[in-house]
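Q: I have a sequence and a structure open. Can you show me how to read some features?
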Amino acid sequence: MTITAPLAEDTKLGPKAGGLYRHQNFATGLIVGILSAVIGWVISHALLQDSNWGSDMVVTVTLVSWVVGFNIGIGSFNAIFRWSLGHDEDHEDQLYGAGVGQGWKRYFKFCTDHKVVGTQYLVLVMVLFGVGGTLAMMIRTQLLTPNSQFMSPETYNSIVSIHGMIMIIATIIMVSGPFANFIMPIMIGAKDMAFPRLNALSFWLVVSAVPPILGSFFLGGVPAGWTTYAPLAVQAPPAMDAFAITICTFVLSVTVAGINTLVTVLTMRTKGMTPGRLPIFVWGSIIAGGLGLYAMPAFLMAQSAMITDRVVGTSFYVAMQGGTGWLYENTFWIMGHPEVYVILIPPVGALIEIASTFSRKPVFAYKVMISGIIGIAALSIMVWAHHMFTTGWAPTLADPFMLTTELISIPTGIVFLCMVGTIWRGSIWTRLPMYFLYLFLFNFIVGGITGIYLSDVPVDQYFHGNMFVTAHFHYTLLGGGMIGAAGAVSYWYPKMTGRMLNERIGKTAFWIIAAGIQITYLGQFWEGFQGMPRRVANYAQIFQHANDMSSVGAYILMTGWIVFLYAIISSWRHGVKAPANPWHAKSLEWQTSSPPPLENFLVDPVVTSDPYGYGEDDLAPQRQPQPVSAEAGSTTGGAH
Amino acid sequence: MSSEEKRDEIAAVVEPVFRGGPLWRRPAGKVLILWVPMTIIGILLALYAPRYLFPADMSVEQEAVKTTFILFTALAAPVAAVVWGIALYSIVGWRKKSGKSDTPPEDGPPIRGGTIATTIWLGTSVILVVVLLVWGMAELSSELAPQQNAMQVNVTGQQWQWTFSYPGTGVTSTKLIVPEGRQINFHVTSEDVTHGFWPVQLGVQIDANPNVTTLISATPNKLGTFDVRCSQICGLNHAYMETTGTTVTQAQFNAWLVSHGASATSVHSYAMSAK
């Protein structure tokens, strides 16, 4: 049974539809971006070379020119230019902009279709994880032996910094990018995001933010860790300017995406999709989006002041001229702690969907769960100074911040209650996504409990700045967040690609990853107990066993991810065709074809219940979802 | 099946969690059977693992770190065991044979929440948080309490070494020598970027910031050497910014000061000082 005939295939557009968009793609973006960077370099070099602002100003101007030029070249601002000239886009232009009739080429264009943007994000996330993972392998190789000569301390320090920041960027977008863009609008029955152009802009801003941070390796390297504390970062080589420009561009992207997510859910829900019927993943996306809107501007501010300190001689962070590094540390962590939950809440939401679908049970305590997520988000903006317990800043605030930090374990406990409550007495269907849920339950308990030690100020005075912290947040962000994202990939893969993920390879990858995480990070906990500081290129003999364990685990972990990547790529090319609803799930995204057509549904869906009505078909007929299109009413049918 | 019948059926499924049948026949009982040994293993680990994991403690503060670590682990073990117990049992007890098939198993019971379970869960976590918090605050206030015979040591970080000076005596050293049995107030500052002053086995640390003096106290209570490391990345040779510290008796300490050029009177007044 053919459920829908995708609009993309049978719509013919006129030869001029799209206007300038017809000639723009990733290549023109690169060309204009590089040209613009060269012009920026020539002008700033000529004007400023001899001034005392020197190379920092040149690097800043060049890289800002690159970001602006790339986005002009790929067409991010076409519509704005058009409107400013008094023209508007007609329907055909908009269809062209949504990628109609362009086949695979639309993935390399400024495409407004949320499904294209979601897929672009998925690929970008995998590329970024590849880069960050490679850097991680270099770090672990350096740490195989004490006094290793694999890298110089200078190279090592900059690799540590860039590994951290690339991974933070990748984890922030790993679920909000692919799934909040591709899946979330379909889940609420929308045709697209509220602001499709901003959606595409948010993606291409991230792409244009990547070359500067990688370029930092050729500009002297960032020696200050991903946190780039001042005053060390103020004195760092011009690489720090590149780093700051990456941050500022990325913050713009997250802000734009956050607004888009919020407005989409507020205004684009289909008929009957009341707040009480929203899937938890949608709740997670908007809460994370809103939290990002609160958090990320602080980072923009922190890094803008960093640029001005470095380039034009302000002294926000320079103690000798009246500034203070604590200002940076505060603004950084005002971003930094909520950001952790911007990363974690979307994967948690995805895992709740998985728990319900593969236990064949409704979500346990739906409203309590949402209150829990809101509680986490609200508390997370009041805990930032627990990263600063040992800085000496405001010692009198140690008690209040210890209180707020430990309070977070209550709503986090609710998340666990909801997950195990959903599994409780369920009919456990052990497909691949469910594996990742179990791994999350294991890893996140470890990550959460080790976080409680760190929230206790006296204990933190031993563990702060120590490999224990590194192991703790890798357990949460990788063991929790990335595992949740892997679960989301395996869950929504059929919907996004139209093919089934090869579960045999996927499960092989799963076991390697699961083992790799434990070996790597239990090794790092051991280093931490013994007293090994973070971010050191060399260490004393006593730490060698723990480091060897961690490095071997890291190689295993990388192998696991490579196998998982292989499963994703090979299934994308040769996988079995996916039915519309392979998991027999009840939320809206499964009621349309895989992949969905342009604008997602042939008939506007009408929602009459929440998507968790498992086992309630007889009990409460009003919970049965309405058919969403003439032929797509099959909620229980198998393969087509 | 009518709605009432279905409701009765659900009630029959939901209620045995708390009522009906011998406990070990019910899922709750089976989870309990998993929970008890997991909790016991967790508490045993909490009691015995730290002595092998941490370096030998050399101060009152580091002993407190170890005690807190043991307490928190013992409190966390039952919580982790609940989650892992349910997860583990669910795979064994509720996994359906159609695990690998393309069609899902029959739907589970539509349990949409449980007031009792939620209340117990929330109540337990609130109690645990209160315990953690009260413990942490008590510990912190005892650590901050000024001692009668405290002694001041100035610590200066610079890229990439530590310098310790003993005010009033004119003695400056790159090795940290402290007397046993009295509170040492470290007054920490930096000449360039932010460093992290971390005398490892003393169990305390504080950042060294330029233009600011930060304060941390430790009371060494065992003789011997300990490590002093930098816990805050500070540039190229951050990894090498370490030195050794030694805890000696007060008499040895005074002698050491004199041997480094301090006058006997200044040593006497320094040793007697209470700051």
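Q: Which residues does M57(A) touch, not counting residues up to four places away in sequence?

A: This is a predicted model, so keep that in mind. Contacts are judged from C-beta atoms within 7 Å. Here M57(A) touches S44(A), L48(A) and V311(A). M57(A) itself is found in helix α3, residues 54–74 of chain A.

Q: How many residues apart in sequence are M57(A) and V311(A)?

A: They are 254 residues apart in sequence. In space, their C-alpha atoms are 5.5 Å apart.

Q: Is M57(A) buried or exposed?

A: Count neighbours. A residue is buried if 20 or more other C-beta atoms lie within 10 Å of its own. M57(A) has 22 such neighbours, so it counts as buried.

Q: How many residues of chain A are in contact with chain B?

A: 78 residues of chain A are in contact with 81 residues of chain B. Several helices of chain A each supply at least two residues to that side, including α7, α14 and α21. The largest share, 8 residues, comes from α17(A). By class, the side of chain A that touches chain B has 45 nonpolar, 23 polar and 10 charged residues.

Q: Where does α20(A) bend?

A: Compare the end-to-end span with that of a straight helix. Helix α20 of chain A, residues 467–497, has end C-alpha atoms only 39 Å apart, short of the 45 Å a straight helix would reach. The bend is about 45°, at Y491(A). A proline, P494(A), follows within four residues.

Q: Why is α20(A) described as largely enclosed?

A: Because 30 of its 31 residues are buried, α20(A) is largely enclosed by the rest of the structure. Just after α20(A), G498(A) takes a positive phi of about 80°.

Terms used. Residues numbered from 1 in each chain as written. Chains lettered and ligands numbered in written order. Predicted model: local features only at pLDDT ≥ 70, side-chain atom pairs only at ≥ 80, totals over all residues. Buried ≥ 20, exposed ≤ 12 C-beta atoms within 10 Å, placed from the backbone. Contact = placed C-beta atoms within 7 Å. Nonpolar A, V, L, I, M, F, W, Y, C, P; charged D, E, K, R; others polar. Expected span 1.5 Å × (residues − 1). Bend = angle between axes of the 7 residues up to and from the residue.
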